[in-house]
Amino acid sequence: MIDYEEIISTPATTHIKLSVFAIVMSAIVSPFIEETLFRGMLLNYFSKYYLKTSVIVLSLLFASLHLDLFFYPYFFSSIILSYAYLKSNKDLRISFSVHA
């Protein structure tokens, strides 16, 4: 059960630290991990065999793993990220900067 009195009595600096942590995780760490996994490892491996199929299947997986109602934006953004990754000679910095 959530103890709201404890939350209210928590110093403001703790809330600021948690907010900064959440921003860093969502804006830097998560995109880095996702791009490394989906583009750097999986797409890099599967694109050797079936390029278009691997982009579609990995984009479906990428969108599904976000567990969100906005499936289609995640799906199409993954296709764009894959395209950026492949057009940049498989440079993860490009897809990471587009993602972040």
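Me: At roughly what angle do the axes of helix 4 and helix 5 cross?
Reply: In this predicted model, helix 4 spans residues 71–87 and helix 5 spans residues 92–99. Their axes come within 7 Å, and the crossing angle is roughly 150 degrees.

Me: Does that make helix 4 roughly parallel or roughly antiparallel to helix 5?
Reply: Angles over 145 degrees count as roughly antiparallel. The axes of helix 4 and helix 5 cross at roughly 150 degrees, so helix 4 is, relative to helix 5, roughly antiparallel.

Me: Is the crossing of helix 4 and helix 5 left-handed or right-handed?
Reply: The angle of roughly 150 degrees belongs to axes that come within 7 Å. The handedness of the crossing of helix 4 and helix 5 is right-handed.

Me: Which residues make the contact, and how do they divide into nonpolar, polar and charged?
Reply: Helix 4 contributes L81, A84 and Y85. From helix 5 come L92, I94, S95, V98 and H99. By class, the residues in the contact of helix 4 with helix 5 are 6 nonpolar, 2 polar and no charged.

Me: Where is N89 found, and is it buried or exposed?
Reply: N89 lies in the loop between helix 4 and helix 5. Its phi is near 60 degrees, a positive value in a residue other than glycine. Exposed means over 50% relative accessible area; N89 has 71%, so N89 counts as exposed.

Me: What is the relative accessibility of K90?
Reply: K90 also has a place in the loop between helix 4 and helix 5. Phi of K90 is positive, near 60 degrees, and the residue is other than glycine. K90 counts as partly exposed because its relative accessibility is 35%.

Me: Is helix 3 oblique or roughly antiparallel to helix 4?
Reply: Helix 3 covers residues 51–65, and its axis comes within 8 Å of that of helix 4. The two axes cross at roughly 135 degrees. Roughly antiparallel would need an angle over 145 degrees, so helix 3 is, relative to helix 4, oblique.

Me: How many nonpolar, polar and charged residues does the contact of helix 3 with helix 4 have?
Reply: The crossing of helix 3 and helix 4 is right-handed. On the helix 3 side the contact is made by L51, V55, I56, L58, S59, L60, F62, A63 and S64. On the helix 4 side it is made by F71, Y74, F75, S77, S78, I79, S82 and L86. The classes in the contact of helix 3 with helix 4 come to 12 nonpolar, 5 polar and no charged.

Me: Is S78 buried or exposed?
Reply: S78 is a residue of helix 4. Buried means under 20% relative accessible area. S78 has 0% relative accessibility, so S78 is buried.

Me: Which residues does S78 touch, not counting residues up to four places away in sequence?
Reply: S78 and R39 are 39 residues apart in sequence, yet 9.3 Å apart in space from C-alpha to C-alpha. Not counting residues up to four places away in sequence, S78 touches R39, L58, S59 and F62.

Me: How far apart in space are F46 and L58, C-alpha to C-alpha?
Reply: F46 has its place in helix 2, residues 12–46. F46 is partly exposed, at a relative accessible area of 37%. In sequence F46 and L58 are 12 residues apart, and their C-alpha to C-alpha distance is 9.4 Å.

Me: What pattern does the protein chain follow along the sequence?
Reply: The protein chain has 5 helices and 0 strands. Read along the sequence, the pattern is α-α-α-α-α.

Me: What percentage of the contacts with a separation of 6 or more comes from residues 24 or more positions apart?
Reply: The protein chain has 100 residues, of which 21% count as buried. Among the contacts in the protein chain with a separation of 6 or more, the share from residues 24 or more positions apart is 49%.

Me: How much of the accessible surface belongs to carbon and sulfur atoms?
Reply: The accessible surface of the protein chain is about 7,500 Å². The part belonging to carbon and sulfur atoms is 72%.

Methods. Residues numbered from 1 in each chain as written. Predicted model: local features only at pLDDT ≥ 70, side-chain atom pairs only at ≥ 80, totals over all residues. Heavy atoms only, no water. Axes fitted to C-alpha atoms, helices over the stretch in contact; angles between N-to-C directions. Helix = DSSP H or I, 4+ residues; strand = E, 2+ residues; numbered from the N terminus. Parallel < 35°, antiparallel > 145°, perpendicular 65-115°, else oblique. Left-handed = near helix turned anticlockwise from the far one by under 90°. Contact = heavy atoms within 4.5 Å. Nonpolar A, V, L, I, M, F, W, Y, C, P; charged D, E, K, R; others polar. Buried < 20%, exposed > 50% of the residue type's maximum accessible area, 1.4 Å probe, protein only. Areas by Shrake-Rupley, 256 points an atom, 1.4 Å probe, with all protein chains shown as cover.
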